[in-house]
Amino acid sequence: MKTKIVLLGPPGSGKGTQGEKLSEEFGYVRMSTGDMLREAVRKGTDLGIKAKGYMDSGALVPNDLIINLMKEKIASLAEGTGIIFDGFPRTVEQADALGEQIDVDLALNLDVDDEELVKRLTMRRSCPQCNAVYHLLYNKPQNERFCDKCGSVLYQRDDDKEDTVRNRLKVYRENTFPLIDYYDKKGKLVTIQGVGDINEIFDKVKKAIQ
Ligand code: AP5
């Protein structure tokens, strides 16, 4: 089974949803730079203060901040740990830095068209405590206000408003889309259609990690 997996795909393609399922079923450590940055913003750390403006507008946080953060986090894990990278790398510079530290053995690309992504993100609800994600139509919590897993009050991310979502899609195309070719050239890329039933997509994801 693959142990160092990068999840690629535009905002809203299901990286968090599928990454969480992989972590629950197989015990991978899911490293989501988005979750780490949101926690830093909530706690008001130096990183959070620097990152907030970029995140609110849908821009990328500067490479040096992200690369330093991830270098430290990866170094703190025992060798051989299965890791799912969710939202990292997002630029060729980040991918090069990751490749210097570990060997990625799979880049799993979730392919979803833009209009579906906008629908997903504008109706997403997130848990601030355990980072679970829901959708008010496609993946409903039992009660619209509370997280099924930990009971916390769900919220709508500031960057899930339509204008910001469209900017995030543009930023994705300019900066992150080239990573599909980057990992393809290394023979590491598998693309999965990310539209349809979440569990059916997960079945395809499970085949890809074998
Ligand atoms: P981040 O948190 O990484 O956001 P993202 O990449 O834009 O991805 P999302 O979390 O929005 O979507 P997802 O693909 O995880 O989809 P999800 O599973 O939630 O980054 C946020 C910001 O932080 C960035 O804009 C940037 O500023 C900064 N940042 C983070 N990492 C960075 C980095 N490396 N470098 C620089 N800056 C960085 O699903 C979405 C919705 O769809 C949910 O409601 C879900 O329930 C639903 N859904 C999922 N699958 C399906 C399905 N099959 N059918 C229907 N609905 C579905």
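1. Let's start with Val-112, which sits in the loop between β4 (106–111) and α6. Please keep in mind as you read on that this is a predicted model. Val-112 counts as buried because its relative accessibility is 7%, and buried means under 20%. Its C-alpha lies 9.2 Å from that of Ile-192, and 80 residues separate Val-112 from Ile-192 in the sequence.

2. If you want a distance to check on screen, take Ser-126 and Gln-142: they are 16 residues apart along the chain and 14 Å apart from C-alpha to C-alpha.

3. Asn-131 deserves a look for its backbone. Its phi is positive, at about 70°, although Asn-131 is not a glycine. You will find Asn-131 in the loop between β5 and β6.

4. Another backbone feature to inspect is the peptide bond that runs from Phe-88 to Pro-89. This bond is cis, with omega near 0°. Pro-89 is in the loop between β3 (83–86) and α5. Phe-88 will come up again below, as one of the residues that line the largest cavity.

5. Now for Thr-176, which is part of helix α7 (residues 162–176). Thr-176 is buried, at 7% relative accessible area. Which backbone atom does its side chain approach? A polar atom of the Thr-176 side chain lies 2.8 Å from the backbone oxygen of Arg-90. Arg-90 is also among the residues closest to the ligand, which brings us to the ligand site.

6. The shell around the ligand has 36 residues, and the closest of them are Thr-17, Ala-59, Arg-90, Arg-124 and Arg-168. Sorted by class, the shell holds 15 nonpolar, 13 polar and eight charged residues. Several elements give at least two residues each, namely α1 (15–26), α2 (33–43), α6 (114–122), β6 (133–135) and α9 (198–209). The largest share comes from α2, with four residues.

7. Thr-17 places a polar side-chain atom 2.6 Å from a ligand oxygen. A polar backbone atom of Ser-13 is 3.2 Å from an oxygen atom of the ligand. Gln-94 has a polar side-chain atom 3.0 Å from a nitrogen atom of the ligand. How much of the ligand's area does the protein bury? Of the 1000 Å² that the ligand exposes when taken alone, the protein buries 97%.

8. At least two lining residues come from each of α1, β6 and α9, with α1 giving the most, four residues. By class, the lining divides into seven charged, five nonpolar and three polar residues.

9. How many cavities of 30 Å³ or more does the model have? The count comes to one, and the volume of the largest cavity is about 30 Å³. Its lining consists of Ile-67, Met-70, Lys-71, Ile-74, Phe-88, Ala-97, Leu-98 and Gln-101. Helices α4 (63–75) and α5 (92–101) each give two or more of these residues, and the largest share, four residues, is from α4. The lining of this cavity has six nonpolar residues, one polar and one charged.

Technical notes
Residues are numbered from 1 along each chain as its sequence is written. Side-chain values use heavy atoms; hydrogens and water are left out. A residue is near a molecule or strand if one of its heavy atoms lies within 4 Å of it. A polar contact is a pair of N or O atoms within 3.5 Å; within protein, one must be able to donate a hydrogen and the other to accept it, and residues adjacent in sequence count only if both atoms are side-chain atoms. Accessible areas come from the Shrake-Rupley method with a 1.4 Å probe; for residues, only the protein chains shown count as cover. Ala, Val, Leu, Ile, Met, Phe, Trp, Tyr, Cys and Pro count as nonpolar, Asp, Glu, Lys and Arg as charged, and the others, Gly among them, as polar. Buried means under 20% relative accessible area, exposed over 50%, partly exposed in between (1.4 Å probe, protein chains only). On a 1 Å grid over the protein atoms alone, a cavity is a set of points where a 1.4 Å probe fits but cannot get out, and a pocket is an open set with protein on both sides within 12 Å along at least five of seven lines; lining residues have an atom within 4 Å of a point. Grid points are joined across faces, edges and corners, and a volume is the space filled by probe spheres set on the points.
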